[in-house]
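Here are some notes for a colleague opening this entry for the first time.

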Amino acid sequence: MNANADPHEIQKFSDLAHRWWDPTSEFRPLHDINPLRLEWINARVPLHGRKAIDIGCGGGILAESMARKGADVTGIDLSEKALKVADLHSLEAGMNMRYELISAEDMAAREAGQYDVVTCMEMLEHVPDPAAIVRAAAALCKPGGRVFFSTLNRNPKSYLFAVIGAEYVLRLLPKGTHDYAKFVTPAELSQFVRQAGLQVDAVKGMTYNPFTKVYSLGSNTSVNYMIACTKPL
Ligand code: SAH
């Protein structure tokens, strides 16, 4: 296994992978947020005809939806089971996808500068060295291309909502899904992004209303957030 991957984290996702496309499963939050993040990305860079790579694609929720927008999408992950689920789902859906078991760092060494759009969603908070993933994402991007990340902020509120609320109270996620210490603040992520030679274009918050069970995008980045970047020409 790649040095910058936590085998326990990969195992966690592999164990659940068969339920990836069940919108009532542990992956429900990913299904629920997907239209929001997809439209946010597509509004910043129309996906039609673009070459995109989704790092940590899992079962392919975002990757396949980007392909439906007309992008030519490669999905990479280190969970073989998740990739098998992704592949099978795309076959059943009649989508033409490329999925591969390879680390972001190895892919960056092989296919540097080849992608118009690079996405890495809900993965940085599961990785030992998120800055190295950000560097790999930047390397994969063409000059003038766009890079998108999403992760969990780190503060008392995100601990309360993303760990206690989601795992213990609402039971949206299995206990142990998230390790608070690995959460990344927008300031930290912005620093990784700039150190990787990318420029930060926008930061967007994603909030969950437990009463209406609706997610929405806005300026509140205290728990879930996304960041959009450009690789300068
Ligand atoms: N990005 C997808 C899935 C998020 S779940 C989505 O938002 O819909 C997190 C995924 O990251 C899992 O599929 C897990 O296997 C993967 N992952 C965790 N650490 C990784 C690493 N170091 N390299 C590649 N993938 C990793």
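1. Axes here are lines fitted to C-alpha atoms, for helices over the stretch in contact, and angles run from 0 to 180 degrees between N-to-C directions. The model is a predicted one.

2. Begin with helix 6 (residues 130-140) and helix 8 (residues 186-195), whose axes come within 9 Å and cross at roughly 45°. Angles from 65 to 115 degrees count as roughly perpendicular and those under 35 as roughly parallel; helix 6 and helix 8 are therefore oblique to each other. The crossing of helix 6 over helix 8 is right-handed.

3. Which residues make this contact? Helix 6 contributes P130, A131 and V134, and helix 8 contributes L189, F192 and V193. By class, the residues of the contact of helix 6 with helix 8 are six nonpolar, no polar and no charged.

4. A second pair is helix 2 (residues 28-44) with helix 3 (residues 61-68): their axes come within 10 Å and cross at roughly 45°. Helix 2 and helix 3 are therefore oblique to each other, and helix 2 passes helix 3 in a right-handed crossing.

5. On the helix 2 side, the contact is made by L30, H31, N34, R37, L38 and I41; on the helix 3 side, by I61, L62, S65 and M66. How do the residues of this contact divide into nonpolar, polar and charged? For helix 2 with helix 3 there are six nonpolar, three polar and one charged.

6. Turning to the ligand, 17 residues surround it, and the closest are N4, R37, G56, D77 and M121. An N or O atom in the R37 side chain lies 2.8 Å from an oxygen atom of the ligand.

7. A polar backbone atom of N4 is 3.1 Å from a nitrogen atom of the ligand. For G56, a backbone N or O atom is 2.7 Å from a nitrogen atom of the ligand.

How values were computed
Residues are numbered from 1 along each chain as its sequence is written. This is a predicted model: local features need pLDDT of at least 70, side-chain atom pairs count only at pLDDT 80 or more; totals for chains, interfaces and linings use all residues. Side-chain values use heavy atoms; hydrogens and water are left out. Helices (H or I, at least four residues) and strands (E, at least two) are DSSP runs, numbered from the N terminus. Angles under 35 degrees count as roughly parallel, over 145 as roughly antiparallel, 65 to 115 as roughly perpendicular and the rest as oblique. A crossing is left-handed if the near helix is turned anticlockwise from the far one by less than a right angle, and right-handed if clockwise. Contact means heavy atoms within 4.5 Å. Ala, Val, Leu, Ile, Met, Phe, Trp, Tyr, Cys and Pro count as nonpolar, Asp, Glu, Lys and Arg as charged, and the others, Gly among them, as polar. A residue is near a molecule or strand if one of its heavy atoms lies within 4 Å of it. A polar contact is a pair of N or O atoms within 3.5 Å; within protein, one must be able to donate a hydrogen and the other to accept it, and residues adjacent in sequence count only if both atoms are side-chain atoms.
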